[in-house]
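Work through the exercises below with the sequence and the 3D view open. Try each task before reading its solution.

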Amino acid sequence: MNFLQTEKLHKSYGDRVLFRDLDLSLDQGDKMALIAPNGKGKSTLMNILAGLEHPDSGRVTFRNDIRIGFLPQDPPFDPQSSAWDCIFDSGSEVARTVRQYEQAVERSDTAGMQHLLGEMDRLHAWGFESRAKEILGRLQITELDKPVGTFSGGQKKRVALAKLLLDEPDLYLLDEPTNHLDIDMVEWLEEELNTGKKTILMVTHDRYFLDDVCNGIIELDDNNVYYYKGDYAYYLEKRAERRAAQQSEYDSNQNILRRELEWVRRQPKARGTKSKSRLDAYYNLKDETKRVREEKGIEMQVKMQHLGSKIVELIKVSKSYGDKVLLDKFTYTFNRGERIAIAGANGTGKTTLLNMLVGRIQPDAGKIIVGDTIQFGFYEQNGMKFSDDERVIEHVRKIAEVVETASGQKISASQMLTRFDFPPDRQWIVIGKLSGGEKKRLYLLTVLMQNPNFLILDEPTNDLDILTLNKLEEFLLDYPGCLVVVSHDRHFMDKICDHTFVLEGKGQVRVYPGNYTRYRAEKLHEKNTQPAETVKPATEKPAEVRPAKEKIKLSFKEKMEFEQLESDIPRLEAEKKELEQALGTTSDGNELTRISERLGKIIGELDEKSMRWLELSEFIG
């Protein structure tokens, strides 16, 4: 028997069918990612598996006596309980016993303590409290006695994650586990989930996290379930093959249908048995063909405002809150077409820096100079301001009735929504009925409708499904304006950004001329090659070092990096040529200085990226 099995699950909300006759299975030791478009019931399915919702029909079967741990997107905690109480309010026998022992100590209950001492020994529970503090520390939950009702959504999610990891269930159900975690936390969580033989079913948009944790992918597509035993790149390859086969079948069926339709129209009303059989076959083929459609991507091309020569300049910018220094005399000049990722631990000031760029927060010292032609588009982490009873199309029409695309075409608000994968039947429903991912997509549309030439994205990947993320990346790779991104999604940052600001704490910002993964690799190299006298004392447990393996092919991350280099190098060469031509035609001294500085940066980047391309190309093919 499978560890988990569903049989003919059906779930609808009104006229909207999320899934029908859904059969799903999971074996012990499987670590599977669940992929489906937003609005197709991923979170609802996870709630059903966790027993928090009931299907309209069908059933869920688990192997006997397994314990289920569920991490929802919005954990339901008693707002009056402290973080510490939430950790101990657990289905874990160990946590329950530790709590009972602590209460017996508080009451000076000698008999109870004596009994529980044996239980603590039996369960090997003496390390539970230190383990709890370690996990909470890693997740930056330090105010353990504070009511969780005063916590942010991200803090609550991290408390729920800590509780789940301490419970050590037999089956982990994880709904977007990386939301609200910084990159260091995500990498630590990968190690935790890879420890031991865990069985995991997760919904995640983080493709590096998916590759590092999961050994397979389950795709829900049009009420069908497809299993892929492999990484994300394998999934994309096999999914493309399946889609191509379906499209070929669709095209073939369309040709047959056209011929059969001509026959149907020629037939007299009175038909014999043979004709009726052929007619039934026609209608069956017609119904089957309706289920297969060529997949259309979300079209995000909108007109961008003209970008002048002066972009944004930060001159010795400083910002503090009390004793906490976020920026200390930070200076940087943005150039045309730059794509910058901002990384750093939670609380180092990433969102504060974004708010200073758009003028919502003023620096304590220094200046921020914004060019006259700059039109910011700011996708904020908590910027969605929707009325739940407002209809989708009504909200979009408040921004613009007509939108001009990059090609100069003028389209209506309804057409724009259709391009963003909101078909007409979804445009007239109230926003409160949209899924979390659909709301994010709607919010992104409203930002892009403002035709920005300097786009700022603060955690844009949260709650977006992987298919939508792929389309967003395609748009951003072709976006000609300036781009600044804060995200914990390393794949997303690596693919679209070529520079990285790393907020290292105490006001220090490291400007790194490469993507985030290259920065982390360089930092790791620096750490592993530090002089012997600076190595930590032998009394501290050394970090585990994995033995080096002979490299025979590129990893998935390196393949993504190689693809990015193949698009970056021609773009930089084109900009270099443009700057060299501008040097010969410009007489303004300030402009000559600016062009010369930029040209020097471009040449340096080209050399670096070309060397890296040569290094990776040795393993291609």
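Helices (H or I, at least four residues) and strands (E, at least two) are DSSP runs, numbered from the N terminus. The model is predicted: local features need pLDDT of at least 70, side-chain atom pairs count only at pLDDT 80 or more, and totals for chains, interfaces and linings use all residues. Residues are numbered from 1 along each chain as its sequence is written, and side-chain values use heavy atoms, with hydrogens and water left out.

**Exercise 1. The whole chain**

Task: State how many helices and strands the chain has, and what percentage of its residues count as buried.

Solution. 
- Step 1. The secondary structure comes to 20 helices and 20 strands.
- Step 2. Turn to surface. Accessible areas come from the Shrake-Rupley method with a 1.4 Å probe; for residues, only the protein chains shown count as cover. The chain exposes about 31800 Å². Carbon and sulfur atoms supply 48% of that area.
- Step 3. Turn to contacts, meaning heavy atoms within 4.5 Å. Take those with a separation of 6 or more: residues 24 or more positions apart account for 68% of them.

**Exercise 2. Strand E18**

Task: Find which strands pair with E18, and in which sense. Then examine the cover on its faces.

Solution. 
- Step 1. Two strands pair if DSSP finds at least two bridges between them. Strand E12 (residues 339-344) pairs with E18 in the parallel sense over 4 bridges. Here Ile340 stands opposite Val484.
- Step 2. Strand E17 (residues 454-458) also pairs with E18 in the parallel sense, over 5 bridges. Phe454 stands opposite Cys482.
- Step 3. E17, helix H16 (residues 466-478) and E18 make a right-handed β-α-β unit. Right-handed means that, with the strands pointing away from the viewer, the path from the first strand over the helix to the second runs clockwise.
- Step 4. In E18 (residues 482-486), 5 of 5 residues are buried.

**Exercise 3. Helix H7 and the cores**

Task: Explain why H7 is described as largely enclosed, and identify core residues that touch the most other members.

Solution. 
- Step 1. Count burial in H7 (residues 183-193). Because 9 of its 11 residues are buried, the helix is largely enclosed by the rest of the structure. Glu187, Glu190 and Glu192 are among the buried residues, as are Trp188 and Leu189.
- Step 2. Inspect the helix start. A polar contact is a pair of N or O atoms within 3.5 Å; within protein, one must be able to donate a hydrogen and the other to accept it, and residues adjacent in sequence count only if both atoms are side-chain atoms. A side-chain oxygen of Asp182 reaches to within 3.2 Å of the backbone nitrogen of Asp184.
- Step 3. Define a nonpolar core: a set of buried Ala, Val, Leu, Ile, Met, Phe, Trp, Tyr and Cys residues joined through side-chain atoms within 4.5 Å. The largest has 53 residues. Leu139, Ile141, Leu174, Leu189, Leu193, Met202 and Ile217 touch the most other members.
- Step 4. Helix H6 (residues 153-167) gives the most to this core, with 7 residues.
- Step 5. A second, separate core has 43 residues, including Met416, Phe422, Leu445 and Tyr479.

**Exercise 4. Single residues**

Task: Classify Thr204, Ala83 and Ser108 as buried, partly exposed or exposed.

Solution. 
- Step 1. Thr204 sits in the loop between strand E7 (199-203) and helix H8 (207-213). Thr204 is buried, at 5% relative accessibility. Its side chain reaches the backbone nitrogen of Asp206 at 3.1 Å.
- Step 2. Ala83 lies in helix H2 (residues 83-88). Its relative accessible area is 0%, so Ala83 is buried.
- Step 3. Ser108 lies in the loop between helix H3 (93-106) and helix H4 (110-122). Ser108 is exposed, at 55%. Its phi is positive, about 55°, although Ser108 is not a glycine.

How values were computed. Buried means under 20% relative accessible area, exposed over 50%, partly exposed in between (1.4 Å probe, protein chains only).
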